[in-house]
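Subject: Structure handover

Hello,

Here is the structure I said I would pass on. Please open it before you read the notes.

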Protein chains: 2
Amino acid sequence: MNAITIRKPDDFHTHLRRGFLLPFTTAITAVYFRRALVMPNTRPDPVLTGKDALQYKREISIQLSEDQAFEPLMTIQITDDTTPEMIREAHAFGVIAGKIYPIGVTTNSNNGVRDFWKIWPALTTMQEVGMVLCIHGESMGAAPSLKKESVFIDWMLKTIITSFHRLKIILEHITTRKAVEFVKNGPDNLAATITVHHLFLTLEDVIGVKGLQPHNFCKPIAKTEADRKALCKAVSSGNRKFFLGTDSAPHPRNMKECAFGAAGVFTAPVALSLLVQFFEEKGCLDKLEDFISTFGAQFYNLPLNEEKITFVKGPWVVPSKYIVDVVPFMAEKILQWHIDR
Amino acid sequence: MNAITIRKPDDFHTHLRRGFLLPFTTAITAVYFRRALVMPNTRPDPVLTGKDALQYKREISIQLSEDQAFEPLMTIQITDDTTPEMIREAHAFGVIAGKIYPIGVTTNSNNGVRDFWKIWPALTTMQEVGMVLCIHGESMGAAPSLKKESVFIDWMLKTIITSFHRLKIILEHITTRKAVEFVKNGPDNLAATITVHHLFLTLEDVIGVKGLQPHNFCKPIAKTEADRKALCKAVSSGNRKFFLGTDSAPHPRNMKECAFGAAGVFTAPVALSLLVQFFEEKGCLDKLEDFISTFGAQFYNLPLNEEKITFVKGPWVVPSKYIVDVVPFMAEKILQWHIDR
């Protein structure tokens, strides 16, 4: 097959940032995705209320030209201070999801949840109004990085699931075999997003024999080869509980190549090329559309996109960097598919 | 106690480099150490023969002023091509140890041992002439970085120990509880060096919530808290099988803070201050001298140093960098002891 045309995808987890990066991130995301769920942990100000989300949506939308049919799907960050009234207001303003970051576990999470019992009223209201709960599933506290996802599942996710039977819950960017099994065997209101980079990376690609690689450093950090294989199997299995959320997270090079490198892999421009290649290699290109364009929308109760996108087979060299020196995932590597523009 | 005077220490594992860094590394090492075992994996040319070692020793020695009583202890690198004749010649030239790097496991190890059976004649001759074998104990190949030390012990170290009962063998810069136990329970001809940074770091200090920290990145990489505690216990136990080898490894900042960061922690200026503090906190300052000035020399059959060194209690702020922008371990941190100069 030399070309493949499918329903235009959605990215159910992306970071568009604010300020100087926003024109670029919006433009490049709109090329590949019809919709994207925009994470709320922005700087200088996070998106905490419906009004914040509306303001942020305006900032994004003015970047778009008239012929770009891109829709940002808005989220707010759930903190210890989020009240039921704030949930209702956000829902009224069109916010479709609330995002939990346990405090301090990743980039821009210093205002994350400190005391999970304080957010119970907010979660109860989210269930009531039908807002989706997106969780960065890593424990704060003393657990080592390689165990944080596992500890979070046992320590808090099980409690949340037991408490909320109608709340739609997404364990974001899962990285372990344990998380795959937990979501697969969990209730119907539990799903997971999987990133593209976690299908290709293990811890060795961060700390291994090639040296320390900041451009492969993300949270949750890539784990073992067995974990990677479990993620690949989940993606190629055609199970509707697993769908794409790239967690694409651009940082200028000097925020990555420094003494305290920021977590995040910038995959927006390469995610779909890599996925076409991945599904082709697994011999299940017929399942590509479900993973990137169907299952996520269905979980969120959104209409499927009408627009199409075409990928053409042929070598494409990934740029070494994008504007203001943002290094993409797989920089300078040759990929096998590229978008037909 | 406000001051402590002990026999001047030896560093049984250091990287002085060649070229532009050498005047600096030699000068700073000579401040703290009477002798240092100088690693042979230099660039552009490694130290492979007795003649190479003699040349390198000259390069080091001309950096010293007349009043500096510093002696570099020379090593050669053992490769697949090292012959028994090369061992005899090196021994005749005063080389006291041969260093094994399995190929590709660390900085400047691309010429490392590929086929361990090829080095058996060299090891046999080293045993015969009384040269010490220093081993970078990590397996090459597919084992993940966190397992490489463990795999090396099972895969090759046990075989070497079984084969050579009179060869003095040092498992360098050990990082795991398993290695501590293995060396402790091993034969008398087996010892281990322990670095200073591995007493203070775990993997969290490289990939944890503070971000990716290249200045804490080294090979073997720091492991778990349980491993760190086992190393601390080995050091404070007063067991003569464990002694200091700092593995101090300076890199200019741009080799660390980059897309493929080099492995190595530069501890030369802070190692002894940290160790005095460590032994004080453990309540066993009486064991400090053994670890840094006695056990190593005894294992190598070298006379104990006559010179003394004094440390004074009081805050010392570690410089943010040394010449040509080399960032030291614990940069800008306040240490509790400093050398009395």
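Predicted model: local features only at pLDDT ≥ 70, side-chain atom pairs only at ≥ 80, totals over all residues.

Residues are numbered from 1 along each chain as its sequence is written, chains are lettered from A and ligands numbered from 1 in the order in which they are written, and side-chain values use heavy atoms, with hydrogens and water left out.

**Chain A overall**

Chain A has eleven helices and eleven strands. Both are DSSP runs numbered from the N terminus: helices are H or I with at least four residues, strands are E with at least two. The radius of gyration of chain A is 19 Å, close to the 20 Å that the globule rule gives for 341 residues, so the chain is as compact as a globular protein of that length. (That radius is taken over C-alpha atoms; the rule is 2.2 Å times the number of residues to the power 0.38.) Along the principal axes, the C-alpha atoms of chain A fill a box of roughly 50 × 45 × 40 Å.

Of the 341 residues in chain A, 61% are buried. Buried means under 20% relative accessible area, exposed means over 50%, and partly exposed lies in between (1.4 Å probe, protein chains only). The accessible surface of chain A comes to about 12,900 Å². Carbon and sulfur atoms hold 52% of that surface. Areas come from the Shrake-Rupley method with a 1.4 Å probe; for residues, only the protein chains shown count as cover.

Contact means heavy atoms within 4.5 Å. Among contacts in chain A with a separation of 6 or more, 72% are between residues 24 or more positions apart.

Chain A carries 39 positive and 36 negative side chains. The centres of the two sets lie 3 Å apart. Lys and Arg count as positive, Asp and Glu as negative; His and the chain ends are not counted. Each charge is placed at NZ of Lys, CZ of Arg, CG of Asp or CD of Glu.

Take helix 6 of chain A, residues 177-185. Ala179(A), Val180(A), Phe182(A) and Val183(A) are buried there. Seen down the axis of helix 6 of chain A, the buried residues fall within an arc of 165°, so they line one face of the helix. The arc is that of the directions from the helix axis to the C-beta atoms. These buried residues pack against helix 5 (148-163), strand 7 (169-171), strand 8 (190-194), helix 8 (225-236) and strand 9 (242-244) of chain A.

In chain B, look at helix 4, residues 120-129. Its buried residues are Trp120(B), Ala122(B), Leu123(B), Thr125(B), Met126(B) and Gln127(B). Their cover includes strand 4 (71-78), helix 3 (84-92), strand 5 (97-100), strand 6 (132-135) and helix 5 (148-163) of chain B. Gly130(B) follows helix 4 of chain B, with a positive phi near 85°.

**Backbone points**

A cis peptide bond joins Arg43(A) and Pro44(A), with omega about 0°. Pro44(A) sits in the loop between strand 3 (35-38) and helix 2 (50-61) of chain A. In chain B, a cis peptide bond joins Arg43(B) and Pro44(B), with omega about 5°.

Asn301(A) is not a glycine, but its phi is positive, near 60°. Asn301(A) lies in the loop between helix 11 (288-299) and strand 10 (308-317) of chain A. Its relative accessible area is 63%, so Asn301(A) is exposed. Glu332(B) is not a glycine either, and has a positive phi of about 70°. Its loop runs between strand 10 (308-317) and strand 11 (334-339) of chain B. Glu332(B) counts as exposed at 58% relative accessibility.

Lys148(A) lies in helix 5 of chain A. At 3% relative accessibility, Lys148(A) counts as buried. Leaving aside neighbours within four places in sequence, Lys148(A) has contacts that include Glu138(A), Ser139(A) and Val209(B).

Gln277(B) is in helix 10 (residues 271-281) of chain B. Gln277(B) is buried, with a relative accessible area of 12%. Beyond neighbours within four places in sequence, Gln277(B) touches Leu335(B), Gln336(B) and Trp337(B).

Best wishes
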